[in-house]
Amino acid sequence: MSKTVLIIGTLDTKGVEFLYIKDLIEARGHRTLVMDTGVSGEPAFTPDISATQVAVAGGGSLVDLRAAHDRGTALEVMSRGARVLAAREQTESRVDGVVSLGGSGGTSIATNAMQALPVGFPKVMVSTMASGDVSAYVDVKDITMMYSVVDVAGLNRLSRRILANAAGAIAGMVEQKVPAGEDRPLIAATMFGVTTPCVDHLREVLDAHGYEVLVFHATGSGGRAMESLISDGFLVGVADVTTTEWCDELGGGVLTAGPHRLEAAARTGIPQVVSVGALDMVNFGAFDTVPEKFTGRTLYKHNPLVTLMRTTPQECRRLGEIIGDKLNQSTGPTALFVPLKGVSAIDAEGQPFYSPEADEELFATLRKKIDPTRVDLIELDLNINDPMFAEAMADHLMKLVAAR
């Protein structure tokens, strides 16, 4: 069955290259929908969505952008417009995949649009930037980055092969049918190495009761990916066992998920059980990368490339305030599970991060902060990795999901 591929690109400067990839996709029997994001001149061929339309969707005017000769402003406006229009085309089921190619500017515009599309929707970006740090372009979406090797500046023996590969890639993606499988209700869970026993057991319990569990590694991007899927409506419930990313946001660590972590489930009203997993640690790289200002703090070499820093009672108090504030915004059924005998594998008695004083500061703050009309506070005299703790969280979440 013929599919439709959205092509996003600057047809004023790279029209020859975009026409080449358009013809290749159509030669496979598919349709194309071309969106022009060029500002500096007229398109090399007639697009389906004009640059004028993109500028208006981005809150601007193509005439004004050309007159201003401000590349930064033009990129912002066209990026917003491309994002709005790409999301509209996908939401209204007019396109089945998206492809683009470009340098830093074109990559910025196209990938911003791709980030507005759901996980699983085919996305291919041929870019001169793809051999470096592409985290800003990919963010938490499944964007396939393909290095162009040479600049996207005309057709030659090498660029024709690479662009042909890109055309074949997006054509193959839209043609591919996902084999039929058992579509069970999806639940998200967050895990760290020091909360793995808890999440593994929780997953086993939920799996035995007919749920499919998506486990996210709480490394910053993992937490943000989960928040994105919650917002996109993929899930029926959340077991947010490991909220450690807030330690890095507060303490300057390297695995922060940003200031909006813990907001998606609260905002959408999805049933959630939350815990305080790994709130005993801030993450850094190798030991010699820990900032000098933390000299004298309790540090633990997790491995040669990861150093953990124990959170202080003062930091734990602030973490309790933050988490309490986030959960108190919940519009759906929410429970907070507190493990009184430790929040991680190395916070148990006899372990390097064992600190009853810091833990109690966290727990006491949560007791005072949590609004009982919005959040059920459940305290268990267990370590977070005790099997009974995982079972309690899983059982409670299933009750909330069933009631919902």
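Val149 sits in the loop between β5 and α7. In this predicted model, Val149 has a positive phi of about 65 degrees, although Val149 is not a glycine. With a relative accessible area of 47%, Val149 is partly exposed, because the range for that class lies between 20% and 50%.

A second residue with a positive phi is His69, whose value is near 55 degrees and which is likewise a residue other than glycine. His69 belongs to the loop between α3 (62–68) and α4. Its relative accessible area is 72%, so His69 counts as exposed.

Another loop residue, Val39, is placed between β2 (31–36) and α2 (51–57). Is Val39 buried or exposed? Its relative accessibility is 14%, and Val39 is therefore buried, since the cut-off for that class is under 20%. Leaving aside residues up to four places away in sequence, Val39 is in contact with Asp12, Leu62, Leu65, Arg66, Ala74 and Met78. Val39 also has a C-alpha to C-alpha distance of 7.6 Å to Thr10, although 29 residues separate the two in sequence.

Helix α5 covers residues 104–114, and its buried residues are Gly105, Thr107, Ile109, Ala110, Thr111, Ala113 and Met114. Which elements cover these buried residues of α5? The cover includes the strands β1 (4–9), β3 (97–102), β4 (123–127) and β5 (144–147). It also includes the helices α4 (71–91) and α6 (135–138).

Two helix pairs can be followed in detail. Two packed helices are described by the angle between their axes and the distance between the axes. For helix α1 (residues 15–27) and helix α7 (residues 157–175), the angle is about 45 degrees and the axes are 9 Å apart. On the α1 side the contact is formed by Glu17, Tyr20, Ile21, Leu24 and Ile25, and on the α7 side by Arg160, Leu163, Ala164, Ala166, Ala167 and Ile170. By class, the residues of this contact of α1 with α7 are nine nonpolar and two charged, with no polar ones.

The second pair is helix α8 (residues 196–208) and helix α14 (residues 387–403), which pack at about 45 degrees with axes 8 Å apart. The angle makes α8 oblique to α14. In passing α14, α8 makes a right-handed crossing. From α8, the contact involves Cys198, His201, Leu202, Val205 and Leu206. From α14, the residues are Pro387, Phe389, Ala390, Glu391, Met393, Ala394, Asp395 and Met398. The contact of α8 with α14 divides into ten nonpolar residues, one polar and two charged.

These elements belong to a protein whose secondary structure comes to 14 helices and 14 strands. Along the principal axes, its C-alpha atoms fill a box of roughly 70 × 50 × 40 Å. The protein has 404 residues, of which 51% count as buried. Its accessible surface is about 17700 Å², and carbon and sulfur atoms contribute 53% of that area. Among contacts in the protein with a separation of 6 or more, 72% are between residues 24 or more positions apart.

Note on methods: Residues numbered from 1 in each chain as written. Predicted model: local features only at pLDDT ≥ 70, side-chain atom pairs only at ≥ 80, totals over all residues. Heavy atoms only, no water. Axes fitted to C-alpha atoms, helices over the stretch in contact; angles between N-to-C directions. Helix = DSSP H or I, 4+ residues; strand = E, 2+ residues; numbered from the N terminus. Parallel < 35°, antiparallel > 145°, perpendicular 65-115°, else oblique. Left-handed = near helix turned anticlockwise from the far one by under 90°. Contact = heavy atoms within 4.5 Å. Nonpolar A, V, L, I, M, F, W, Y, C, P; charged D, E, K, R; others polar. Buried < 20%, exposed > 50% of the residue type's maximum accessible area, 1.4 Å probe, protein only. Areas by Shrake-Rupley, 256 points an atom, 1.4 Å probe, with all protein chains shown as cover.
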